[in-house]
Structure formats: C-alpha cells, structure tokens
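User: Please take a close look at one part of this structure, the sheet and its surroundings. How are the strands arranged, and where are nonpolar residues gathered?

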Amino acid sequence: MWNMQNPGYPKMDPVKPSVVTPRKSKLARTFAKVLHVRSVSEIAQVDRLKNAKTDANLKDDIRNTQSESFNKDDEELQKKMATEALLAKLFASISTVKASYAQLQYAQSPYDPDEIQAADGLLISELKTLSEIKRCYLNKQFDPSPERAILAAESKELLSVIKTYEIMEKKLQSQLQLKESEIIFLREKLEETNKQNRSIEKKLNQSGSLSVLDNLHISGLSPSHFTTVLRQTVRSIRSFVKLMVNEMRSTGWDIDASVNVVTEQNVVYWNEDHKCFAIESFICREMFDSFNTPNFSLPNESLPDKSKLQQLFFGRFSELKSLKAKEFLALKPRSPFAKFCRVKYLKLIHPKMESSFFGNLDQRNLLNIGEFPDTNFFTLFAEMAKRVWLLHCLAFSFEPQVSIFQVENGCRFSEVYMDCVNDEMAVEESEPQVAFTVVPGFRLGKTVIQCQVYLSQHQSKRSN
C-alpha cells in the first residue's frame with residue numbers, strides 16, 4: 001500500500017504488539033533468577049578460594065618467622081650456656097689455684113718437701129688451664145656440652161673450696177696447739193710468780209718481817225729504821241686498799257661517786273686506775289689522824305710523865321712487832337692498840353659500806369661490845385692498823401719526836417718535800433700542782449721523808 005501523502009514511499013501497516021501469556025512470563029523470570037544465583041555462587045566460590053590461599057600463605061609466613069625466632073633464641077641460649085661454662089671453668093681453676101697456694105704455704109712450716117712438690121705441680125697445671133681458657137675465649141672455641149661442663153666445673157670448684165678449708169683447719173689447729181702450749185707455759189710461769197709473791201707477802205706479814213729490828217735498842221735508833229717501818233706500813237695500806245676496791249666493785253658500788261666524796265670533785269685523773277690513789281689518800285688520812293699526839297687522841301687513855309714516854313712507846317713497839325695483830329688482840333683485848341683498832345675501824349668503815357659488803361653489821365656490833373671479828377677483811381685491816389701503830393710508837397721513841405706533815409691541794413710540786421705517784425704528770429707539766437696527798441711525809445730532826453702526792457690538772461684549768 002502506497003502512502004498517498006508521501007508518494008515516494010510505500011505505506012506500511014503498523015505492527016501490533018504480540019500478546020504474551022502470563023505462564024511464559026513467569027518461567028522466564030524464574031530462569032533468569034537461577035542464572036543470577038549461579039553466577040553469584042561461582043563468584044563467592046572464587047573469592048573463598050582466593051581467601052584460603054591468602055590465609056595459607058599468611059600461616060606459612062608466621063610459621064617461618066617463628067621458626068627463625070626460635071632458631072635465634074636457641075642460638076643465644078647456646079651462646080649463653082657456653083659463656084657460663086667458660087666462666088665456671090675459670091672460677092673452678094681460680095679456686096684450685098687458691099687451694100694449691102694454701103697447700104704450698106701450709107707445707108712451708110713445718111717444711112714438707114713432698115707436699116711442696118705436689119702443690120707446686122698442681123699450681124703449674126692450673127695456670128696452664130687458665131691459659132687454655134683464655135685461648136678458647138679469644139678464639140671463640142666453646143664447649144659443645146655446656147651443661148656437663150658447668151656441672152664438672154662446679155664440682156671441681158667445690159672440691160677446691162673444701163680442700164682450702166681443710167688446709168685452713170689444719171693451720172688453725174696448729175696455731176691452737178701452739179697457743180695452748182703458750183698458755184700452759186704462761187700458767188706455769190704465773191703460778192711460779194704467784195708462789196713467789198705469796199712467799200714475799202708472807203714474809204712481809206709474818207712476825208719475822210721486822211726481823212732487822214729484833215736486836216734494836218732505843219739508843220741505836222736512826223731514820224733508816226723509821227723508813228723501813230714506813231715502807232711496810234704503806235705496803236700494808238695498799239693491800240687493804242686493793243681489798244676494799246675489790247669489795248666495792250663486787251658489790252656494785254659507784255667508785256666515781258665514792259672518790260668524789262673523799263676528794264675534790266674537779267680532780268682530773270690520768271688513768272681510771274689512779275682513782276685508787278684517792279681511796280688510799282682517804283684511808284691514810286683517817287689512819288694517821290692525830291698521829292702527832294702521844295695517845296692518838298684515844299678516849300680515856302692516860303699517859304705517864306714525858307720523861308718516860310720514850311721508853312713507853314719503844315716498849316710498845318718491841319712488844320707488838322713480833323706478833324700478828326690477831327694474836328695480840330686475842331691476848332690483850334683491852335690494850336691501847338685494841339682500842340686503836342676499834343676506834344679506827346668504826347671511823348673508817350661506814351655502816352652502809354659494811355652492810356653492802358657483808359649483808360649485815362656483825363663486825364661492827366662485835367667491836368662495840370669489845371670483841372673482834374674473825375674475818376679476812378678485819379684481819380687485813382688489823383694488820384694495817386698494826387703497821388700504823390708501830391710507826392706511831394717508833395716515832396715517839398725518837399728524841400726529838402718525829403712529826404708528820406702533808407701538803408694542801410693546789411700547792412706547787414717540790415721535789416724536796418714531795419714524791420709524785422704519777423710520774424707522767426710531773427714530766428708533762430712545767431709547774432705541776434698537787435691534787436691531794438696520798439701518803440703523808442715525816443720529819444726526823446733534819447731528815448725529811450717525802451710525802452707522796454698525786455699531781456693533776458683541774459678541770460677549770462684544762463678547759464682553758
């Protein structure tokens with residue numbers, strides 16, 4: 001059919017859309033979905049394969065890294081163990097060298113050539129071992145079995161230490177035996193010295209101690225006789241001082257406080273033992289009190305005429321010098337000497353001191369009723385009192401009579417009238433001063449017997 005409006009072109013009929021049934025349209029959609037699901041599934045499977053391959057590669061990388069790390073740690077551990085083994089060998093060899101040297105020293109005294117040779121050989125061997133250890137360290141040549149090497153080195157070191165201690169034990173035992181021998185020797189020497197001292201003391205305390213004066217007559221008196229009795233008197237006083245100080249220490253007395261009571265408190269002592277001089281000074285002061293009076297200021301003691309005094313006192317001296325004080329007191333408990341002992345004891349020994357020493361006042365109570373204690377303390381006191389009494393009797397046997405003197409504290413030291421009991425002070429000080437008189441001095445006509453003094457700086461002077 002031709003198009004009338006456009007004659008050049010034929011006229012075409014319009015095409016009508018075909019009608020599609022609903023059943024066919026549903027089938028097509030289903031088929032399309034199946035194709036889509038299959039395509040998605042294949043893509044997911046490909047992705048999973050790729051991911052699995054990636055995980056496997058990652059695991060392999062981690063495994064390889066861990067293996068390398070483990071190998072590196074193992075290598076460091078082996079190196080550390082090898083170093084420890086080397087050090088263990090070093091310390092073991094050093095311990096062996098010390099043990100060998102100790103053995104070498106011990107074998108020197110007493111001399112043992114076999115021991116010296118053995119120790120010398122071991123010492124040389126260990127020095128070679130030390131040299132070998134040094135070479136291995138420098139060349140990095142370590143033991144292939146460090147654990148075994150460490151155990152062996154530790155065992156060797158312990159054996160060397162034990163050997164060193166055994167040698168030291170032998171050495172100490174030898175020294176101990178030597179010291180024990182010295183102790184035995186010194187004990188024997190001490191016992192011998194003590195026997196000699198006891199013999200001398202016995203001679204001094206027995207009746208024969210004044211045997212040089214046995215045949216003495218009043219017409220033959222001289223200052224040397226008085227000096228002899230004075231020396232024994234001072235010795236007896238110091239024996240009693242020693243006994244008193246020991247009693248004070250054993251009963252817990254404050255010696256410093258006691259010394260401060262009997263002397264000035266500002267005395268500086270050069271030695272702690274010098275405080276005994278203060279106690280000696282106190283005892284001498286009490287025992288020699290009233291020495292210049294004929295009857296020692298004893299109560300109710302009458303004396304004959306002055307013309308007979310010299311004979312009286314020399315008779316008393318001769319009567320007592322041959323007897324022990326204890327024996328004389330038993331024979332004549334009412335004598336002037338017995339009264340002298342009683343008065344001086346009660347004045348010298350304070351009740352608190354006696355109670356502290358003996359736990360009671362029995363000795364004091366016996367003296368108050370006219371009896372005399374049978375104790376070592378009173379016996380030694382009575383011997384001291386006897387010496388003072390004899391010195392007093394001898395002093396009044398001279399014509400003119402002997403006079404007593406002492407110097408005051410703070411006086412300048414004079415070698416004419418004084419003798420220093422602490423010589424170190426007299427040497428150090430250009431103008432030393434007297435702290436107190438220890439033993440009084442005496443004058444026999446023109447003869448002067450020096451008093452014994454303690455020299456000391458006062459604290460006020462020293463602080464300056």
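Analyst: Two strands are said to pair if DSSP finds at least two bridges between them. Strands (E, at least two residues) and helices (H or I, at least four) are DSSP runs, numbered from the N terminus. The model is predicted: local features need pLDDT of at least 70, side-chain atom pairs count only at pLDDT 80 or more, and totals for chains, interfaces and linings use all residues. Residues are numbered from 1 along each chain as its sequence is written, and side-chain values use heavy atoms, leaving out hydrogens and water.

The sheet is open, with three strands in the order E2-E6-E3 and mixed pairing. Strands E2 (418-420) and E3 (434-439) form its edges, each pairing on one side only. From one strand to the next, the twist averages 40 degrees. E3 and E6 (residues 451-455) run antiparallel and are joined by four bridges; Val439 has Gln452 of E6 as its bridge partner. Across E3 and E6 lies helix H6 (residues 275-287), at about 60 degrees to E3. Such angles run from 0 to 180 degrees between N-to-C directions, with axes fitted to C-alpha atoms, for helices over the stretch in contact (heavy atoms within 4.5 Å).

A nonpolar core is a set of buried Ala, Val, Leu, Ile, Met, Phe, Trp, Tyr and Cys residues joined through side-chain atoms within 4.5 Å; buried means under 20% relative accessible area, with a 1.4 Å probe and protein chains only. The largest core has 72 residues, and Phe226, Phe240, Ile283, Phe337 and Phe442 touch the most other members. Helix H12 (residues 376-395) gives the most to this core, 13 residues. Another core, of nine residues, lies apart from it and includes Phe405, Met418, Val434 and Cys451.

Note on methods:
Buried < 20%, exposed > 50% of the residue type's maximum accessible area, 1.4 Å probe, protein only.
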